[in-house]
Amino acid sequence: MTLAKARELLGVQASMGGGYNRNGAKLILAEVQKEHGQVATDQLIREFDLEQLFGFKPGAEFRAP
(Lines give C-alpha, C1' and ligand atoms only; values in the text may rest on other atoms or scores of the structure.)
Protein backbone atom coordinates (compact mmCIF):
# COMPACT_ATOMS: atom_id res chain seq x y z
CA MET A 1 0.00 0.00 0.00
CA THR A 2 1.36 3.40 -0.90
CA LEU A 3 1.43 6.15 1.72
CA ALA A 4 -0.90 8.22 -0.47
CA LYS A 5 -3.48 5.42 -0.46
CA ALA A 6 -3.04 4.97 3.29
CA ARG A 7 -3.70 8.70 3.79
CA GLU A 8 -6.82 8.49 1.64
CA LEU A 9 -8.16 5.48 3.56
CA LEU A 10 -7.27 6.89 6.99
CA GLY A 11 -9.00 10.15 6.08
CA VAL A 12 -12.24 8.24 5.60
CA GLN A 13 -11.80 6.28 8.84
CA ALA A 14 -10.96 9.41 10.83
CA SER A 15 -13.88 11.41 9.44
CA MET A 16 -16.40 8.76 10.51
CA GLY A 17 -14.98 7.77 13.90
CA GLY A 18 -16.51 4.87 15.81
CA GLY A 19 -15.47 1.35 16.74
CA TYR A 20 -15.59 -0.21 13.29
CA ASN A 21 -13.57 2.66 11.88
CA ARG A 22 -11.03 2.26 14.70
CA ASN A 23 -10.49 -1.35 13.63
CA GLY A 24 -10.19 -0.30 9.97
CA ALA A 25 -7.62 2.35 10.87
CA LYS A 26 -5.68 -0.20 12.91
CA LEU A 27 -5.48 -2.57 9.93
CA ILE A 28 -4.31 0.26 7.66
CA LEU A 29 -1.62 1.24 10.17
CA ALA A 30 -0.50 -2.40 10.45
CA GLU A 31 0.00 -2.51 6.69
CA VAL A 32 1.86 0.81 6.67
CA GLN A 33 4.07 -0.33 9.53
CA LYS A 34 4.93 -3.56 7.73
CA GLU A 35 5.74 -1.87 4.41
CA HIS A 36 7.08 1.56 5.42
CA GLY A 37 8.17 1.26 9.06
CA GLN A 38 7.49 2.90 12.38
CA VAL A 39 8.37 6.44 11.33
CA ALA A 40 5.72 6.49 8.60
CA THR A 41 3.17 4.97 10.99
CA ASP A 42 3.87 7.56 13.68
CA GLN A 43 3.63 10.35 11.11
CA LEU A 44 0.15 9.20 10.05
CA ILE A 45 -0.98 8.92 13.69
CA ARG A 46 0.04 12.54 14.25
CA GLU A 47 -1.25 13.77 10.89
CA PHE A 48 -4.76 12.45 11.49
CA ASP A 49 -4.70 12.98 15.29
CA LEU A 50 -5.42 9.29 15.76
CA GLU A 51 -4.25 9.43 19.36
CA GLN A 52 -7.18 11.70 20.18
CA LEU A 53 -9.68 9.90 17.92
CA PHE A 54 -8.86 6.25 18.55
CA GLY A 55 -6.21 6.19 21.28
CA PHE A 56 -3.36 5.11 18.97
CA LYS A 57 -0.03 6.28 20.36
CA PRO A 58 3.10 6.94 18.31
CA GLY A 59 5.55 4.09 18.81
CA ALA A 60 2.82 1.47 19.18
CA GLU A 61 3.05 -1.75 17.20
CA PHE A 62 0.14 -2.66 14.96
CA ARG A 63 -0.44 -6.15 13.65
CA ALA A 64 -3.11 -7.52 11.35
CA PRO A 65 -4.99 -10.48 12.83
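Which residues does Asn21 touch, not counting residues up to four places away in sequence? In this predicted model, the partners of Asn21 are Gln13, Met16 and Phe54, where a contact means heavy atoms within 4.5 Å. Asn21 sits in helix H2 and, at 15% relative accessibility, counts as buried; the cut-offs here are under 20% relative accessible area for buried, over 50% for exposed, and partly exposed in between, with a 1.4 Å probe and protein chains only.

A quick word on conventions. Since the model is predicted, local features need pLDDT of at least 70 and side-chain atom pairs count only at pLDDT 80 or more, while totals for chains, interfaces and linings use all residues. Residues are numbered from 1 along each chain as its sequence is written, and side-chain values use heavy atoms, with hydrogens and water left out.

On to the overall picture. The protein has four helices and zero strands, so the order from the N terminus is simply α-α-α-α, given that helices are DSSP runs (H or I, at least four residues), strands are E runs of at least two, and both are numbered from the N terminus. For 65 residues, a compact globule would have a radius of gyration near 11 Å, and the 10 Å found for the protein agrees with that. That radius is taken over C-alpha atoms, and the globule rule is 2.2 Å times the number of residues to the power 0.38. Along the principal axes, the C-alpha atoms fill a box of roughly 25 × 25 × 20 Å. Of the 65 residues, 35% count as buried. Among contacts with a separation of 6 or more, 55% come from residues 24 or more positions apart. The accessible surface is about 4,000 Å², and carbon and sulfur atoms own 54% of that area; the areas come from the Shrake-Rupley method with a 1.4 Å probe, and for residues only the protein chains shown count as cover.

The axes of H2 (residues 19–36) and H3 come within 7 Å and cross at roughly 145 degrees. Such axes are lines fitted to C-alpha atoms, for helices over the stretch in contact, and the angles run from 0 to 180 degrees between N-to-C directions. On the H2 side the contact involves Leu29, Val32, Gln33 and His36, and on the H3 side Gln38, Ala40, Thr41, Leu44 and Ile45. By class, that makes five nonpolar, four polar and no charged residues. In this scheme Ala, Val, Leu, Ile, Met, Phe, Trp, Tyr, Cys and Pro count as nonpolar, Asp, Glu, Lys and Arg as charged, and the others, Gly among them, as polar.

What about H1 and H3? The axes of H1 (residues 3–16) and H3 (residues 38–47) come within 11 Å and cross at roughly 30 degrees. Leu3, Ala6, Arg7 and Leu10 of H1 meet Ala40, Gln43, Leu44 and Glu47 of H3, and these residues divide into five nonpolar, one polar and two charged.

Thr41 of H3 has 0% relative accessibility and so counts as buried. Leaving out residues up to four places away in sequence, Thr41 touches Leu29, Val32, Gln33 and Phe62. Phe62 belongs to the segment after H4 and is buried too, with a relative accessible area of 7%. Beyond its neighbours within four places, Phe62 is in contact with Lys26, Leu29, Ala30, Gln33, Thr41, Ile45 and Phe56. The C-alpha atoms of Phe62 and Ala4, 58 residues apart along the chain, are separated by 19 Å.

Lys26, a residue of H2, is partly exposed at 33% relative accessibility. With residues up to four places away set aside, Lys26 touches Phe56 and Phe62. Its C-alpha atom is separated by 13 Å from that of Asp49, 23 residues apart along the chain.

Asp49 itself lies in the loop between H3 and H4 and is partly exposed at 41% relative accessibility. Most residues other than glycine have a negative phi. Asp49 has a positive phi of about 50 degrees although it is not a glycine.
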